[in-house]
Amino acid sequence: MFEITDIQRDYITEILNISMGSAAAVLSEMVGEEVGLSVPEVAFLPRRVAADKFDLNNSAKMSGVTQSVSGAINGDALLMFPEEKTLTIVRILLGDTVPVESLTEMEQEAMCEIGNIILNAIVSSVANLLQKEIVSSLPRFISGTGSEIYAINTGCEDDLVMFLKVGFGLESQSINGHVTLMLNVPSLHEFIAHLDEQINAL
Amino acid sequence: MHSDSNALSSVTTKPGASGTDSLFGKVLDLSEHGLFLVDSARKIVLWNEWMAQASSLARGDVIGRTFNEVFPELAGKRVASVIETALDMRTASLLSRSLNKSLFPLFSANGGGERKRIEQSVIVKPIQCDGRDYCLVQITDVTPMVQREEVLRVLAREAEAAQKAAEEISRFKSEFTSTVSHELRTPLTSIRGSLGLVSSGVMGELPLEVNKLVSIACNNTERLLFLINDILDIDKIESGKMDFVIGPVDLMAVLRQALEANQPYGEQYKIRYVLNQVMAGVAVRADTDRLMQVLNNLLSNAAKFSPEGAEVEINVLQNGAMIRVEVKDFGAGIPLQFQSRIFEKFSQADGSDTRKTGGTGLGLSISKAIMEKMGGGIGFETEEGKGTTFYIDICEMAPA
């Protein structure tokens with residue numbers, strides 16, 4: 001396990017919450033109603049543990065959005081919710097939707113856009129922290145179990161990831177999801193070094 | 001990479017003619033997507049044929065002008081700000097049709113002259129070339145997808161409404177049946193009681209003709225009561241309100257009791273019940289009253305469908321892990337075309353108004369439901385002209 005100090009944690013959480021605030025403002029304007037976004041929790045965990053956060057046996061279906069990132073960090077950024085929550089989010093935000101059991105093509109596209117806004121906000125805060133460029137790809141809709149999504153049993157289950165809990169506030173409903181940034185280890189150390197630099201400069 | 005940059009410069013450096021004279025420009029013009037490129041000065045440097053058609057803005061009118069000059073109505077909108085972020089932060093964005101009400105003012109040439117606004121899905125991607133930043137905007141016409149989902153939405157709503165209506169009707173029917181049956185049973189019970197007293201002679205001797213009529217009334221009232229009780233049973237089974245007290249039951253004792261109860265009925269049809277094969281002391285997993293109801297039904301059916309003077313044979317035997325009770329008659333057998341419907345509600349082989357045998361046509365359907373609830377089964381074997389054997393299978397159980 002990779003531990004960070006309380007001060008480091010508070011600092012990252014603060015920065016992420018500021019960018020979540022602007023993402024929430026964009027979403028609120030798009031859908032014409034109050035959307036709240038927050039990052040109550042930040043941790044650095046092995047993939048295996050991140051997958052477990054969803055479900056102990058990793059058999060529950062999740063769905064969400066992924067973007068690949070390159071530059072200062074290389075890998076994938078994921079925004080995942082339990083499958084039925086994804087449905088709830090899209091249907092609340094779109095209002096008039098098709099009442100079928102899974103998301104239609106256009107609903108998936110809308111979910112991609114929502115995820116794109118949130119992931120871009122997070123990735124650009126991380127880029128700001130590192131003071132380096134991170135290029136992110138277009139969003140893609142994904143669904144599967146925790147082990148499928150975190151590629152458990154492929155030899156990389158012990159790789160560290162930056163794991164954020166994301167709270168989605170909609171129409172008095174509070175929906176929890178997770179954002180995971182798959183960081184490679186050198187960039188993780190670099191990330192912490194930059195963090196300390198900025199904290200010391202305060 | 002080198003040829004890419006050549007291609008880009010050939011389409012971007014010649015305002016007015018860009019996109020038409022290079023191979024890559026021709027490819028872009030053949031694209032089924034709208035494509036345009038914005039440079040770091042926010043100027044449009046590439047505009048493919050699809051864009052020219054849909055916007056009615058010729059390449060020459062657009063190249064070299066800024067995005068805001070070409071689309072003043074989009075200033076401050078999300079699409080304008082994601083182009084800014086793509087150029088400044090190098091982030092890619094997607095603008096879905098569902099979440100963006102005002103995308104580009106683009107129209108399809110609809111043959112008949114009427115131009116319809118195109119439903120769009122837009123992606124915005126940063127591109128770097130020769131150390132310069134560009135932003136590619138790609139527009140996809142999703143009008144067919146929008147129409148498809150509109151149809152799907154209507155169909156899904158209709159299906160939902162139809163299902164609700166069907167459930168409502170079914171609930172109403174079942175409530176109606178249950179209420180009416182209850183309301184009918186009370187006065188019928190008192191009619192039967194009164195008629196019974198009159199025909200028994202307690203209220204004074206009746207003239208022969210009157211007595212005959214009173215007996216007919218009495219028998220038919222009885223039949224109506226049976227029918228109503230059966231309907232109420234079916235209703236209880238279907239709504240899951242029939243209670244079962246399952247436990248070990250002494251099968252032979254229940255069977256003997258059922259035979260005794262059906263003796264008068266057998267005499268009426270001039271048949272004889274013969275207990276042929278028995279299993280003394282065997283216990284089964286059942287509800288005593290409901291098992292009795294099933295046995296009564298099978299025994300009375302056998303009597304009804306037997307020729308005068310015939311026997312009805314009863315056997316109790318082991319059938320694997322189950323205990324089987326067979327009731328065998330030597331009647332006409334069940335016609336082939338009726339065999340598949342025999343356990344359905346209100347089914348009788350002779351559907352005419354003048355059928356000889358009484359009954360509601362509900363008995364076997366009730367028996368089947370009861371046997372299934374007790375974890376057992378019911379079935380029959382029949383041969384036309386030779387007779388029918390109905391059997392029930394019940395789980396064996398250690399005696400209490």
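**Entry 1: confidence in chain A**

I checked the scores before anything else. Chain A has an average pLDDT of 82. In chain A, 91% of the residues score at least 70. I then asked which elements of chain A mark the ends of the confidence range. Helix α5 (residues 146-149) of chain A is lowest, with a mean of 78. Strand β5(A) is highest, at 90. I keep one caution in mind: where pLDDT is low, predicted coordinates should not be read in detail.

**Entry 2: the make-up of chain A**

I went through the elements of chain A next. I found 6 helices and 7 strands. Read from the N terminus, chain A goes α-β-α-β-β-α-α-β-β-α-β-β-α. Chain A has 202 residues, and 40% of them count as buried. I also looked at contacts in chain A with a separation of 6 or more. Of these, 69% are between residues 24 or more positions apart.

**Entry 3: strand β2 of chain A**

I picked β2 (residues 61-71) of chain A and listed its pairings. β2(A) runs antiparallel to β5 (residues 140-145) of chain A, with 6 bridges between them. β2(A) is also antiparallel to β3 (residues 75-82) of chain A, here with 8 bridges. A hairpin of 3 residues leads from β2(A) to β3(A). β4 (residues 134-136) of chain A is a further antiparallel partner of β2(A), through 3 bridges.

Which residues does Ser63(A) face in β5(A) and in β3(A)? In β5(A), I found Ser63(A) bridged to Ser143(A). In β3(A), Ser63(A) has Phe81(A) as its bridge partner. For β4(A), I noted the bridge between Ser70(A) and Val135(A).

**Entry 4: where chain B touches chain A**

I turned to the interface. On chain B, 23 residues are in contact with 23 residues of chain A. Four elements of chain B each supply at least two residues to this side: α6 (78-89), β3 (93-95), β6 (120-129) and α7 (143-200). The largest share, 7 residues, comes from α7(B). I sorted the chain B side by residue class. It divides into 10 nonpolar, 5 polar and 8 charged residues.

**Entry 5: an antiparallel sheet in chain B**

I traced an open sheet of 5 strands in chain B, in the order β2-β1-β7-β6-β3. Its pairing is antiparallel.

At one end of the order, β1 (residues 34-39) of chain B joins β2(B) through 3 bridges, running antiparallel. There I found Leu37(B) bridged to Leu46(B) in β2(B). α6(B) packs on this sheet and touches β1, β3, β6 and β7 (132-141) of chain B. The direction of α6(B) makes about 20 degrees with that of β6(B). α6(B) was also on my list for the side that touches chain A.

**Entry 6: a mixed sheet in chain B**

I traced another open sheet of 5 strands in chain B, ordered β9-β11-β12-β14-β13. This one has mixed pairing. β9 (272-277) and β13 (377-383) of chain B each have a single partner strand at the edges, so one side of each lacks a neighbour in the sheet. Neighbouring strands are turned by 20 degrees against each other on average, direction ignored.

Inside the order, β12 (residues 322-329) and β14 (residues 387-395) of chain B pair antiparallel over 8 bridges. Val327(B) stands opposite Phe390(B) in β14(B).

α9(B) lies across β9, β11 (311-319) and β12 of chain B. It runs at about 160 degrees to β9(B).

I then looked at a helix partner. The axes of α9 (residues 251-268) and α10 (residues 288-304) of chain B come within 9 Å. They cross at roughly 40 degrees. Is the crossing left-handed or right-handed? α9(B) passes α10(B) in a right-handed crossing. Among the residues that meet are Leu255(B), Leu259(B) and Tyr265(B) in α9(B), with Leu291(B), Leu295(B) and Leu299(B) in α10(B). The contact divides into 11 nonpolar and 6 polar residues, with no charged ones.

Conventions. Residues numbered from 1 in each chain as written. Chains lettered and ligands numbered in written order. Predicted model: local features only at pLDDT ≥ 70, side-chain atom pairs only at ≥ 80, totals over all residues. Contact = placed C-beta atoms within 7 Å. Nonpolar A, V, L, I, M, F, W, Y, C, P; charged D, E, K, R; others polar. Axes fitted to C-alpha atoms, helices over the stretch in contact; angles between N-to-C directions. Left-handed = near helix turned anticlockwise from the far one by under 90°. Pairing = 2+ DSSP bridges. Buried ≥ 20, exposed ≤ 12 C-beta atoms within 10 Å, placed from the backbone. pLDDT = per-residue confidence, 0-100.
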